[in-house]
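Visitor: I am new here and would like a friendly tour. Could you take me through this structure one question at a time?

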Amino acid sequence: MEPLATAVLAIHGGAGVERAGMTADDVAAARAALERALRAGHARLEAGAPALEVVGAAITVLEDAPMFNAGRGAVFTHDGRNELDASLMDGASGRAGAVAGVQRVRNPILLARAVMEHSPHVMMVGAGAEAFAGEQGVTLVEPAYFHTDKRWEQLQRALREDAAGQAQAGPGSTMYFGTVGAVALDGAGHLAAGTSTGGMTNKRYGRVGDSPIIGAGTWADAACAVSGTGWGEYYIRTAAAHEICARVRHGGEDIRTAAEGVINGDVVRAGGDGGAIALDAGGTVAFPFNTEGMFRGWIGTDGVPHVAVFAEDALPAVGE
């Protein structure tokens, strides 16, 4: 298959990035991981793989990178566990798969794809999803695999704030950020999207956000693909990912106008914040967000990765 000139992969490693919480080494490590993810996805694009596979390849790299809130670097729940969520959608067929609340799946995005391809269901949760993972040969690990000292200290800080009555959960709170995601346009002109997360620090009661919910944190159709990152309750309430694509499909808006209108319009008016990556069938990418930074990047057919972290960081548009 000859790749289209507009074949492209875009990724995010979460909105809510704050300088105050990051060293120069942290930023460099995150940028390097973003570039690895882009190159992994590009290798699949170059080989003529479908967009769904490209998305999975990129997200798997981000799940294995401890600086992001997904997979290895997932945040801790109130009870000191890591509960992981992910979803994947194929724009060409409309098929989707999702998992939530898993604690032993190394790469939840691969399990989401197995749910899509090898079951009649769209979403599986908890122990049942892990049992299915075992049947499908998806790699399971001991829960300790997901432990990182940085995330553990974030939980301890949140618990201390709880005890002191200082816990904050509102716009600007980093409790809700760090999700990873990818959108891709392949050589056949097909789109796909995927999202993976550890959820929010100190979450309780089996809380699940938007990332594994098709239409909220992830959506792909023939014209548009979206992965979101932010305060999940508001992405669910606004059906953010689907709404962006609905504005493109039914409202005739271009992808950047649609994405901006939802992420910096609907979500903010509802009381939330965050960001997203959105890609249309022509290869145009939008990176709207309303926090100090968002780990983000894209790669085209030339194989040159472009990444950015903070709002003022230059990120060339596709084709520039």
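**A walk through the model**

Guide: Let us begin with helix 4, where Ala 127 and Glu 135 are exposed on one side. Please keep in mind that this is a predicted model.

Visitor: How much of an arc around the axis do they cover?
Guide: The residues in question are Gly 126, Ala 129, Glu 130, Phe 132 and Ala 133, which are buried in helix 4. They are on the same side of helix 4, because around the axis they cover an arc of only 160°.

Visitor: What covers the buried residues of helix 4?
Guide: Helix 4 spans residues 126–136, and its buried residues include Phe 132 and Ala 133. The cover over them includes strand 3 (96–102), helix 3 (108–118) and strand 4 (123–125).

Visitor: Is Ala 133 buried or exposed?
Guide: Ala 133 has its place in helix 4. The cut-off for buried is under 20% relative accessible area. Ala 133 has a relative accessibility of 0%, so the word for Ala 133 is buried.

Visitor: Which residues is Ala 133 in contact with, leaving aside its neighbours within four places in sequence?
Guide: Ala 133 and Pro 108 are 25 residues apart along the chain, and their C-alpha atoms are separated by 9.4 Å. Contact here asks for heavy atoms within 4.5 Å. With the neighbours within four places in sequence left aside, the contacts of Ala 133 are Val 105, Leu 111, Val 138 and Leu 140.

Visitor: Which residue just after helix 4 takes a positive phi?
Guide: Helix 4 covers residues 126–136. Just after this helix, a positive phi of about 75° is taken by Gly 137.

Visitor: Which residues make the nonpolar surface patch of about 250 Å²?
Guide: One of its members, Val 125, is found in strand 4. The patch, about 250 Å² of nonpolar surface, is made by Val 122, Met 123 and Val 125.

Visitor: Moving on to strand 9, how many of its residues are buried?
Guide: In a regular strand, side chains alternate between the two faces of the sheet. For strand 9 (residues 274–280), the count of buried residues is seven of seven.

Visitor: Which residue in strand 10 is the bridge partner of Leu 279?
Guide: Strand 8 (residues 224–230) pairs with strand 9 in the antiparallel sense over seven bridges, and there Leu 279 is the partner of Ala 225. Strand 9 also runs antiparallel to strand 10 (residues 285–286), with two bridges joining them. In strand 10, the bridge partner of Leu 279 is Val 285.

Visitor: Which residue takes a positive phi in the hairpin of strand 9 and strand 10?
Guide: This hairpin has four residues between the strands. The residue there with a positive phi, near 95°, is Gly 283.

Visitor: How many residues apart in sequence are the parts that Arg 19 and Glu 292 tie together?
Guide: Arg 19 and Glu 292 form a salt bridge, with their closest N and O atoms 3.3 Å apart. Arg 19 lies in the loop between strand 1 and helix 1, and Glu 292 in the loop between strand 10 and strand 11, so the parts they tie together are apart in sequence by 273 residues.

Visitor: What separates Arg 113 and Glu 117 in helix 3?
Guide: These two form a salt bridge, the closest N and O atoms of Arg 113 and Glu 117 being 2.9 Å apart. Because Arg 113 and Glu 117 are four residues apart in helix 3, what separates them is about one helical turn.

Definitions and conventions
Residues are numbered from 1 along each chain as its sequence is written. This is a predicted model: local features need pLDDT of at least 70, side-chain atom pairs count only at pLDDT 80 or more; totals for chains, interfaces and linings use all residues. Side-chain values use heavy atoms; hydrogens and water are left out. Buried means under 20% relative accessible area, exposed over 50%, partly exposed in between (1.4 Å probe, protein chains only). Two strands pair if DSSP finds at least two bridges between them. The arc is that of the directions from the helix axis to the C-beta atoms. Patches are made of residues with over 30% relative accessible area and no salt bridge: like charges are joined within 9 Å, nonpolar side chains (Val, Leu, Ile, Met, Phe, Trp, Tyr) within 5 Å. Accessible areas come from the Shrake-Rupley method with a 1.4 Å probe; for residues, only the protein chains shown count as cover. A salt bridge is a side-chain nitrogen of Lys or Arg within 4 Å of a carboxyl oxygen of Asp or Glu.
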